[in-house]
Amino acid sequence: MDQAKRNLLKFMLTSPLMASAGFANAFDSEKLDPDLEFILSLKKELISKPEDGLNVFDFEAVARENLSPAHYGYLASGVSDEISQIANRKALKRIKLIPRRLRDMQHMDTSITLFGRKWNSPIMIAPAGSQGAYHDDAELAVARAAKKRDQLMMLSTLSSKSLEDVNAARGEPVWFQFYPRQHWPSNEIIMNRAEDAGNEIMVITVDMIGKGKRETLERFIKMDDANCAECHGEVRSGFRGKPMLDNIDFDAYMGSDRSFGFDMLKRIIDTTSMKVLVKGITNAEDALGCLDAGADGIIVSNHGGRAEVSSRGTIDILPEIVRAVNGRVPVMVDGGIRRGSDVYKALALGASAVGIGRPYLWGLGAFGEEGVKAVLEILDEEFKLVMKQQGTNSINDIKENSVVV
């Protein structure tokens, strides 16, 4: 193992992220604290093919080995001391399931319907930028896996591959995630491009206000001897060279503020023919403001702990948003989902669908398309098993009285 990898692992031992299950490989624990020799020995125990994975953490271990320190650091990092990222996992673990017995489970249905489209699973692929850092096929590999699984997929504005190419790989338009800024002409160009590509649903992300203080990422970058400037320029930018930002006034777009109010949201909704969902909502009052502006859906999210330092897990926030929305539009959630039981808990607390981020990226970084497909299969199978244990034949049977909060 080269020195950069050893330095990375040494840092992991002292990082707050060790409290996160994402670093726990197969040992899904909040308090895993093995010594350096044990961590290094995991290299001998890595799975060699996707079908050998027992859970999503097996893919995290392979991705960690495959990726450069900087790219792995980008994937793993939250903000500041990682407190919101860790809170997502801890909040899910606090919720207990209430199994039921003597139920006929021969005809189980895991499907959901959103905006007239039926999906076989409530698990959706959340948007994540710069997937070329994890595999050369990037979002195309994810789209092909999603097509094989018939999985709902969202695509980031900052994707490594174009929306048109991803739609073709998926076999139908994905949900397009967009970061609007105050520069309206650029907003219009990007939205019109999505419409022209046949996209019917747009997800507006509103939680990335200011630049997140990603300390873990910066530490990992220092451990990497690669020349980052070759890809990112002398000043690193997650926006440089992204295909969805072609044909706009890049300097004007980047120079404008990404924070805006409900008036801008309403202008977007009134301008586009696409249905508009708002992602990054963590407050009931804000959710109601989005509905007043005409939003078609809400996604409760803290950007996987990468946006703010609230220390609140999204599963803790979900019920208050569901109560406020009161069935007017679908409410979805992401943040810390690592197990089929996590998906069940989110549905029990009112989510219409549940997003995953890092797990499918672990699969991508580990084995490309087949890794993504395997991760989706594992989570779906875990979810089905929990449904059987809970005595729930369909998604509609999953109620709040199925869990103890």
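**View 1. Gln131 sits in the loop between β4 (123-125) and α6.** This is a predicted model, in which local features need pLDDT of at least 70 and side-chain atom pairs count only at pLDDT 80 or more, while totals for chains, interfaces and linings use all residues. Residues are numbered from 1 along each chain as its sequence is written, and side-chain values use heavy atoms, with hydrogens and water left out. Helices (H or I, at least four residues) and strands (E, at least two) are DSSP runs, numbered from the N terminus. Is Gln131 buried or exposed? Gln131 is buried, because its relative accessible area is 2%; buried means under 20%, exposed over 50% and partly exposed in between, with a 1.4 Å probe and protein chains only. The side chain of Gln131 makes a polar contact of 3.3 Å with that of Tyr360. (A polar contact is a pair of N or O atoms within 3.5 Å; within protein, one must be able to donate a hydrogen and the other to accept it, and residues adjacent in sequence count only if both atoms are side-chain atoms.) Leaving aside neighbours within four places in sequence, the residues in contact with Gln131 (heavy atoms within 4.5 Å) are Ala138, Glu139, Val142, Ser160, Tyr360, Leu361 and Leu364.

**View 2. Ala138 has a positive phi, near 45°, in a residue other than glycine.** Look for Ala138 in helix α6. Ala138 is buried, with a relative accessible area of 0%.

**View 3. Helix α6 (residues 138-149) packs with helix α17 (residues 369-390).** From α6 come Ala141, Val142, Arg144, Ala145, Lys148 and Arg149, which meet Glu369, Glu370, Val372, Lys373, Leu376, Glu377 and Asp380 of α17. Sorted by class, this contact has five nonpolar, no polar and eight charged residues. (Ala, Val, Leu, Ile, Met, Phe, Trp, Tyr, Cys and Pro count as nonpolar, Asp, Glu, Lys and Arg as charged, and the others, Gly among them, as polar.)

**View 4. Gly336 lies in the loop between β10 (331-334) and α15 (340-348).** Gly336 counts as buried, at 9% relative accessibility. Which residues does Gly336 touch, not counting those up to four places away in sequence? They are Asn88, Arg89, Leu92 and Asp342. From C-alpha to C-alpha, Gly336 and Gly355 are 9.3 Å apart in space and 19 residues apart in sequence.

**View 5. Arg89 is found in helix α5 (residues 83-94).** Arg89 is buried, with a relative accessible area of 3%. Thr314 is 225 residues away from Arg89 along the chain, and their C-alpha atoms are separated by 9.3 Å.

**View 6. His303 has a positive phi of about 65° although it is not a glycine.** You will find His303 in the loop between β9 (297-300) and α14 (314-325). His303 is buried, with a relative accessible area of 15%.

Terms used
Axes are lines fitted to C-alpha atoms, for helices over the stretch in contact, and angles run from 0 to 180 degrees between N-to-C directions.
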